[in-house]
Amino acid sequence: MMKTNYFIIRDSKRKFTKQEKFIQLVKQDGLCDCCGDYLLLENAIGGHILSWADGNKTDAKTNLVVLCYDCNSEQSDMPYDEFKNKYKDLI
Ligand SMILES: [Zn+2]
């Protein structure tokens, strides 16, 4: 896909805070939302549901999912829903 003739305005806040990750991790019952492994807060990675790189906000209420390191690095800049579907196909 070509992206020309417009600028992506990125949120100046790139990362979720530890507190935001903690709140989300409790909502997810302490599990990685993708693979379902148990996560400790120090291993939890705050991922964007819609990619920050594409100009979506680092908003914990609407755009945060907590993942393990492996899932987060697999997701990369893919939208989370798309990644999760792809993940399900693999297992
Ligand atoms: Zn995972």
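Visitor: Which residues does Tyr 69 touch, not counting residues up to four places away in sequence?

Guide: This is a predicted model. Tyr 69 touches Asn 43 and Ile 45, once residues up to four places away in sequence are set aside. Gly 46 is 23 residues from Tyr 69 in sequence, and their C-alpha atoms are 9.6 Å apart.

Visitor: Where is Tyr 69 placed in the secondary structure?

Guide: Tyr 69 belongs to helix H2, which covers residues 69-75.

Visitor: Why does Tyr 69 count as exposed?

Guide: The idea is to count neighbours. Tyr 69 has 12 C-beta neighbours inside 10 Å, so it counts as exposed.

Visitor: How many residues does the largest nonpolar core have?

Guide: In soluble globular proteins, nonpolar side chains tend to be buried together. Here the largest nonpolar core has 13 residues. Those with the most contacts inside this core include Cys 32, Leu 39, Val 65 and Cys 71. Strand S2 (64-67) and helix H3 (80-90) are the elements that give two or more residues to this core. S2 gives the most, with four residues.

Visitor: What does Cys 71 contact, leaving aside its neighbours within four places in sequence?

Guide: Cys 71 is in contact with Cys 32, Cys 34 and Cys 35.

Visitor: Which residues of S2 are buried on each side?

Guide: In a regular strand the side chains alternate between the two faces of the sheet. In S2, Leu 64 and Val 66 are buried on one side. Val 65 and Leu 67 are buried on the other. Both faces of S2 are covered.

Visitor: How many bridges join strand S1 to S2, and do they run parallel or antiparallel?

Guide: Four bridges join S1 (residues 45-48) to S2, and the two strands run antiparallel.

Visitor: What is the order of elements in the chain, from the N terminus on?

Guide: The order is α-β-β-α-α. The radius of gyration is 14 Å, close to the 12 Å that the globule rule gives for 91 residues, so the chain is as compact as a globular protein of that length. Its C-alpha atoms fill a box of roughly 45 × 30 × 15 Å along the principal axes.

Visitor: What share of the 91 residues counts as buried?

Guide: Buried residues make up 22% of the chain. Now take contacts between residues at least 6 apart in sequence: 63% of them join residues at least 24 apart.

Key
Residues are numbered from 1 along each chain as its sequence is written. This is a predicted model: local features need pLDDT of at least 70, side-chain atom pairs count only at pLDDT 80 or more; totals for chains, interfaces and linings use all residues. A residue is buried if 20 or more other C-beta atoms lie within 10 Å of its own, exposed if 12 or fewer, and partly exposed in between; C-beta atoms are placed from the backbone. Two residues are in contact if their C-beta atoms, placed from the backbone, lie within 7 Å. The radius of gyration is taken over C-alpha atoms; the globule rule is 2.2 Å times the number of residues to the power 0.38. A nonpolar core is a set of buried Ala, Val, Leu, Ile, Met, Phe, Trp, Tyr and Cys residues joined through C-beta atoms within 7 Å. Two strands pair if DSSP finds at least two bridges between them.
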